Amino acid sequence: MELTVKQIATLLEGEVVGNDLLKVSSLAKIEEGKQGDISFLSNPKYESFLYTTQASAVIVNRSFQPQKPVAPALIFVENSYSAFTQLLEEYHRQISFARIGVEQPAYAGAGTQFGERGYRGAFSYVGCNCQIGTNVKIYPHVYVGDNVQIGDNTIIQPGARILSNCQIGRNCVIHPGAVIGSEGFGFAPQTDGTYKTIPQLGNVILEDYVNVGAGTTIDCATMGSTVIRQGVKLDNLVQIGHNVEIGRDTVVAAQTGIAGSTKIGERCIIGGQVGFAGHLSIANGTKVGAQSGVGKSIKEEGISLNGSTAFLMRDNMRSQAVFRRLPDLERRLDELEKKTEK
Amino acid sequence: MELTVKQIATLLEGEVVGNDLLKVSSLAKIEEGKQGDISFLSNPKYESFLYTTQASAVIVNRSFQPQKPVAPALIFVENSYSAFTQLLEEYHRQISFARIGVEQPAYAGAGTQFGERGYRGAFSYVGCNCQIGTNVKIYPHVYVGDNVQIGDNTIIQPGARILSNCQIGRNCVIHPGAVIGSEGFGFAPQTDGTYKTIPQLGNVILEDYVNVGAGTTIDCATMGSTVIRQGVKLDNLVQIGHNVEIGRDTVVAAQTGIAGSTKIGERCIIGGQVGFAGHLSIANGTKVGAQSGVGKSIKEEGISLNGSTAFLMRDNMRSQAVFRRLPDLERRLDELEKKTEK
Amino acid sequence: MELTVKQIATLLEGEVVGNDLLKVSSLAKIEEGKQGDISFLSNPKYESFLYTTQASAVIVNRSFQPQKPVAPALIFVENSYSAFTQLLEEYHRQISFARIGVEQPAYAGAGTQFGERGYRGAFSYVGCNCQIGTNVKIYPHVYVGDNVQIGDNTIIQPGARILSNCQIGRNCVIHPGAVIGSEGFGFAPQTDGTYKTIPQLGNVILEDYVNVGAGTTIDCATMGSTVIRQGVKLDNLVQIGHNVEIGRDTVVAAQTGIAGSTKIGERCIIGGQVGFAGHLSIANGTKVGAQSGVGKSIKEEGISLNGSTAFLMRDNMRSQAVFRRLPDLERRLDELEKKTEK
């Protein structure tokens, strides 16, 4: 992306003071701006950087009045922060969807159909009888099994793997190395102490606007579907067991694990390195602190949990505080006993 | 797989009531059955679904008597649940081993030998001087280094990586993105505060019937072998350090980590997100609760541990229960002190 | 690598007793030595193995005097342990850098330049406008995006992924399946309960001598850089959030997670499965025990932390000790109350 300051000002409905023919190709913080960058000034705390930055252009609030001479072109807008964010998003969108066409060699099985404006990187593999939507970007080393559906505008980053029969919605992003539809961990103990594999024949369904982090693994259902509802955001290295269901707009931070058949509600916020036991049901709007271990179903909506094993965050923090004083508590108890014995 | 109801009935030694020429191609729960599916009814609680299911056939117990008209064909067998399980396993086996042949491009180094009925997916890489057994399935994007041995009937799922000199037994399943034989984490501190890499020259040995989950990493030994014994099942995103040994039929749930040189016994059951320190020895049949941290060797067989740091599960649960009451305990202690001072 | 005993003795400045024409191709512990192996004897505890080992040669201390007849050739050196280590390192170095050339098919984008003595494995992908240094080894299934710089002598193991705009220093090792430069986990909550993706446009900078473990993920910065300083060693399945900075020679064990914008000091030692909250600043030389959860910045250098949530290791261990006695403490408190009521 290379635009003139004038083009950007038009896009943002702002006015330029300075050289509006300068070309801008990247975005940066004002304290790190280099030639060719555009930056912004919103917080007055950063004003001093305006007079030293190497950035070619800076977006400022309409109300702003420079106190010293300014080198970069200035673009005056109503709200510099949200204008910059708008620019960021446009830039990101353009980069994300820039690639079009097929790099060779790429593999596609019989009966698979690809929508328009797609990209398939070299060494990408798409199996048989898949339906790939419009504007879908399949990066190098991506594996897509048989009978997979992928909705429009979805991006599958390098080396992500989607196994057979899975369904991926529209506007999803699957990050590098993620695995969707691996066989769940099901083994039936036998009388001789060995285990027999329980066949895992279901799939994974991702609805629209789902984000799956790098290295995250989502197991297919034993039968039926593991379901990740619309708008769910999963961070990196998360583990989702077979037959799990995660409700709309729930966010799960890195390295959390959810064991088989647990249902997480909508709009939950789950910290990093949390563990959920299997077969639980977690109410909508539950918040779970990092490293917590959730062993019981939660029925009441909107509560906050913490601890391993987890209970109400408020109570847990009180117990944690006393935990630090435990040696002191024990000493006080010793003394009381001595006193009382007298 | 497409079979008639009659063929399935023959396979299961059952009798058909209804149209035995219907074709069945998939398996489903009775409440989710669609045309072309076969399902089963075992628990009487689900009987009502029998009268509404869209499945083409349902396996029922010989003793069962329908109370209403039934649309699908019925297959009467001694035990409907175990007959369905048998069908599941057969179906799963057929799917797992269906692929035969080599998709192009696939890479194989000099001196490598492949057994019969194998599959190698496009973009799979097998190095030099490997011995690959009969009926081995190597999916796309699999990497196999040099001098690797893989036993008969083993399945290496897409993007799994087996580094040089490793030995994989028969009837193993290596799930997508797993890494076997990566260099262990060994660094010798130097006097200037930097670290020197300790060369890791050993390998990993997986015996027969081992399951390695998606994204799981198993480091090679410094010298000698990291050993995963027969029948061990490792879930997703598990970390196994260098020179670890895991005994027969031990099961390890997701996101657990085992530090270098620790020996885990046979038939242990390890929960998710557990951590083991290095150089421990854990007795046969030990059970470790999820999120526990094991810092000491366990000599007595068959005990259950919990907590971080872990101790006897029974005792840990008692301490956990008091932990919740800690603020109350402290308050009671405060009051006692006041009383006693008087 | 195949050398005669004489060649090795010359390399180690030692003297041979026995057949110095024997050929040696591998290294082993003395108790596991086979024909063609070289081993060492340092600890007198292992002396008995010297008389039974199958190794072709054994390195011993100059001061050592065998008590019985010895089959293998002996190489006498000043310090047998450090001589063996020297041999290990040379062997490892030769194996690591042995591969040279390009296996086909390999993909390289326009404008990318490769240094001399490099290796690119089959199915490796390097994007456009990259600068790849001398003696860089890019294994099969490696993905390198656009505008990436990789310094001399760096090894990128199979299936590692380095996304666009990242900078990798010299003498780094990126282990299999690691992901460097994935988009950070940034989502802005909207008033309707959904989340909007915050574009992540920065990169990751790895300085020299950095080790990134198998399956480890390092997110790019939102803007600017996630920075991993010289000599940092990251174990397997570690998660590094966007805009994190890790100081020189810090070591991070497996499955630890560091949330966005946290700065870790130099020479820290971080255990396995540790979690750091975001936006913290951790002083140089901090030690953090396994499974700890660090929720606050640490200003004092060189302290040791433990627990979730973490506090001073010494204090935490005292509290942990009392935690085990909590049921007893509660009982004692009950009794005191009864006594006092009388």
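These notebook entries record what I looked up in the structure.

**Basis.** I worked from a predicted model, in which local features need pLDDT of at least 70, side-chain atom pairs count only at pLDDT 80 or more, and totals for chains, interfaces and linings use all residues. Residues are numbered from 1 along each chain as its sequence is written, chains are lettered from A and ligands numbered from 1 in the order in which they are written, and side-chain values use heavy atoms, with hydrogens and water left out.

**Symmetry.** I superposed chain C on chain A by a rotation of 120° with 0.0 Å of shift along the axis, at RMSD 0.1 Å (least squares on the C-alpha atoms of residues with pLDDT of at least 70 in both). This is the relation of a three-fold axis.

**Chain A.** I noted five helices and 40 strands in chain A (DSSP runs: H or I of at least four residues for helices, E of at least two for strands). The radius of gyration of chain A is 27 Å, whereas a compact globule of 342 residues would have one near 20 Å (taken over C-alpha atoms; the rule is 2.2 Å times the number of residues to the power 0.38). The C-alpha atoms of chain A fill a box of roughly 85 × 75 × 30 Å along the principal axes. Of the 342 residues in chain A, 57% are buried (under 20% relative accessible area; exposed is over 50%, partly exposed in between; 1.4 Å probe, protein chains only).

**Gly101(C).** I found Gly101(C) in strand E8, residues 101–102 of chain C. Gly101(C) counts as partly exposed because its relative accessibility is 27%. Not counting residues up to four places away in sequence, Gly101(C) touches Gly118(C), Tyr119(C) and Arg120(C) (heavy atoms within 4.5 Å). Gly121(C) lies 20 residues from Gly101(C) in sequence and 8.2 Å away, C-alpha to C-alpha.
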